[in-house]
Amino acid sequence: MMKKRFRIKKEQDFKLVFKKGKSYANRQFVVYLSDHPDITHLRLGVSVSKRLGNAVMRNKIKRRIRAFFQQHKDSLKPHEYIVIARNPVSSMDYHQIEKSLLHVLKIAKCIK
């Protein structure tokens, strides 16, 4: 379970990362990251569109993305991350999601 301080919840925080951050993408995910100078730990926001399925499906995707960041938080740089899931994600299992997120985060050069 991710603690509250590791999460981006407020709309304003999301907008700030969209505006100030850089985006990186592959077919399954778009990742926005913002380099916040006063941040000592990573913060994560997750966005899953209604087009990806019903609430149960969307929550399952969000849980898997959070689980990935929980598992890999020690190897990731302390940025603010917003992960947007794209359509193929709804048919992927955790290992495929993990592989895809590692791929996009390598492109973004935010793996220590």
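How exposed is histidine 36, going by its relative accessible area? I looked this up first. The model is predicted. Histidine 36 has a relative accessible area of 26%.

**Entry: histidine 36**

I then placed the residue. Histidine 36 sits in the loop between S2 and S3.

**Entry: the largest pocket**

I turned to the largest pocket. Its volume is about 210 Å³. I listed its lining and found 13 residues. Closest to the pocket centre are Gly21, Lys22, Leu33, Ser34 and Asp35. Which elements give two or more residues to this lining? They are helix H1 (11-20), strand S1 (22-25) and strand S2 (29-34). H1 gives the most, with 3 residues. I sorted the lining by class as well. It has 5 nonpolar, 4 polar and 4 charged residues.

**Entry: lysine 19**

Lysine 19 and aspartate 74 are 55 residues apart in sequence. From C-alpha to C-alpha they are 26 Å apart in space.

**Entry: helix H2**

Next I looked at H2, residues 55-72. It has 18 residues. From first C-alpha to last it reaches 26 Å, close to the 26 Å expected at 1.5 Å a residue. Which residues of H2 are buried? I found Met57, Arg58, Ile61, Ile65, Phe68, Phe69 and His72. They cover an arc of only 115° around the axis, so they fall on the same side of H2. On the other side, Val56 and Gln71 are exposed. I checked what the buried residues pack against. Their partners are S2, strand S3 (43-48), strand S4 (80-85) and helix H3 (94-107).

**Entry: helix H3**

I went on to H3. This helix has 14 residues. Its first and last C-alpha atoms span 20 Å, close to the 20 Å expected at 1.5 Å a residue. I listed its buried residues as Tyr94, Ile97, Glu98, Ser100, Leu101, Val104 and Leu105. What covers them? The cover includes S1, S2, H2 and S4.

**Entry: lysine 109**

I checked the segment after H3, where lysine 109 lies. Its phi is positive, about 55°, although it is not a glycine. Most residues other than glycine have a negative phi. I noted lysine 109 for that reason. Is it buried or exposed? At 64% relative accessibility, lysine 109 counts as exposed.

**Entry: leucine 52**

My last stop was the loop between S3 and H2, which holds leucine 52. Its relative accessibility is 7%. Leucine 52 counts as buried, because the limit is under 20%. I looked up its contacts, leaving aside neighbours within four places in sequence. Leucine 52 touches Met57, Ile61, Ala85, Arg86, Asn87, Val89 and Ser90. Two of these contacts, Met57 and Ile61, are buried residues of H2. I followed up on serine 90. It is 38 residues from leucine 52 along the chain. Their C-alpha atoms are separated by 6.0 Å.

Terms used:
Residues numbered from 1 in each chain as written. Predicted model: local features only at pLDDT ≥ 70, side-chain atom pairs only at ≥ 80, totals over all residues. Heavy atoms only, no water. 1 Å grid on protein atoms, 1.4 Å probe; cavity = no way out; pocket = protein on both sides within 12 Å on 5 of 7 lines; lining within 4 Å. Points joined across faces, edges and corners; volume = space filled by probe spheres on them. Helix = DSSP H or I, 4+ residues; strand = E, 2+ residues; numbered from the N terminus. Nonpolar A, V, L, I, M, F, W, Y, C, P; charged D, E, K, R; others polar. Expected span 1.5 Å × (residues − 1). Buried < 20%, exposed > 50% of the residue type's maximum accessible area, 1.4 Å probe, protein only. Arc of directions from axis to C-beta. Contact = heavy atoms within 4.5 Å.
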